[in-house]
Amino acid sequence: DVATGGGHTALTFSRHVREVVASDLTERMLIAAKNFLATQGATNVRCELADAEALPFSDASFDVVTSRIAPHHFADPRRFVHEVARVLVTGGRFLLDDNMAPEDAELDTFMNRYEKWRDPSHVRAWRLSEWQSFVESAGLQIEHIEPLGKKRYGYLDWTGRMYMPEAESQALERWLLDAPPHVAEYFELTTVGGRVESLCATYSILTARKP
């Protein structure tokens, strides 16, 4: 599980396989994952420090590679997918679940702007068509794609989780309130008393196999 974060995906897969390697770029996240996995009694998960774009694992060493709600932080997703292909065995599968921008250029720009404003570590939510290109160029065969879905965020909780300074949160809120009507409608922006209550982001799930 690449960029495992809190270890939740690693935990889910640990119940169905012999062993899971939960990797992350930062020691802090690995400590959080280890602690969480220990509380869940997961004894077959090994946590390792790893860069998603330079995985420290041998060729053809994994049956499945997963990455969930993380690749929008990666600087070079093309390199990441090539690394996934390298470490997969023949017939192995890649499962990706991440925020993905709409194909429309205006909606793409709007979504990536508010995501990066809220979280400066956000690099880009790529379009589903771009992920398809990355996966196919790495030699993987796409098996299944979920159509773009929407995830709703309560505004105060969404910004609060990133400890946004109050002034920045208010500036982002004003910008969202000024969104063109068709953009606000697409992202299902809701307001109460002239304040943003919630909004949506788009995501998709993609699975591929190494032939």
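The largest nonpolar core holds 29 residues, of which Val 2, Val 65, Phe 80, Val 81, Phe 94, Trp 131 and Leu 140 touch the most other members. Such a core is a set of buried Ala, Val, Leu, Ile, Met, Phe, Trp, Tyr and Cys residues joined through side-chain atoms within 4.5 Å; buried means under 20% relative accessible area (1.4 Å probe, protein chains only). Two or more residues each come from β3 (62-68), α3 (77-87), β4 (88-99), α5 (128-137) and β8 (195-209). Helices (H or I, at least four residues) and strands (E, at least two) are DSSP runs, numbered from the N terminus. α3 gives the most, with five residues. A second, separate core of 20 residues includes Met 111, Ala 179, Val 196 and Leu 199.

The model is predicted: local features need pLDDT of at least 70, side-chain atom pairs count only at pLDDT 80 or more, and totals for chains, interfaces and linings use all residues. Residues are numbered from 1 along each chain as its sequence is written, and side-chain values use heavy atoms, with hydrogens and water left out.

In α3, Pro 77, Phe 80, Val 81, Glu 83, Val 84, Ala 85 and Val 87 are buried. These residues pack against β3, β4 and α5. Contact means heavy atoms within 4.5 Å. Pro 77, Arg 78, Phe 80, Val 81 and His 82 in α3 meet Trp 131, Phe 134, Val 135 and Ser 137 in α5.

α3 and α5 pack at an angle of about 40 degrees, with their axes 8 Å apart.

Note on methods. Buried means under 20% relative accessible area, exposed over 50%, partly exposed in between (1.4 Å probe, protein chains only). Axes are lines fitted to C-alpha atoms, for helices over the stretch in contact, and angles run from 0 to 180 degrees between N-to-C directions.
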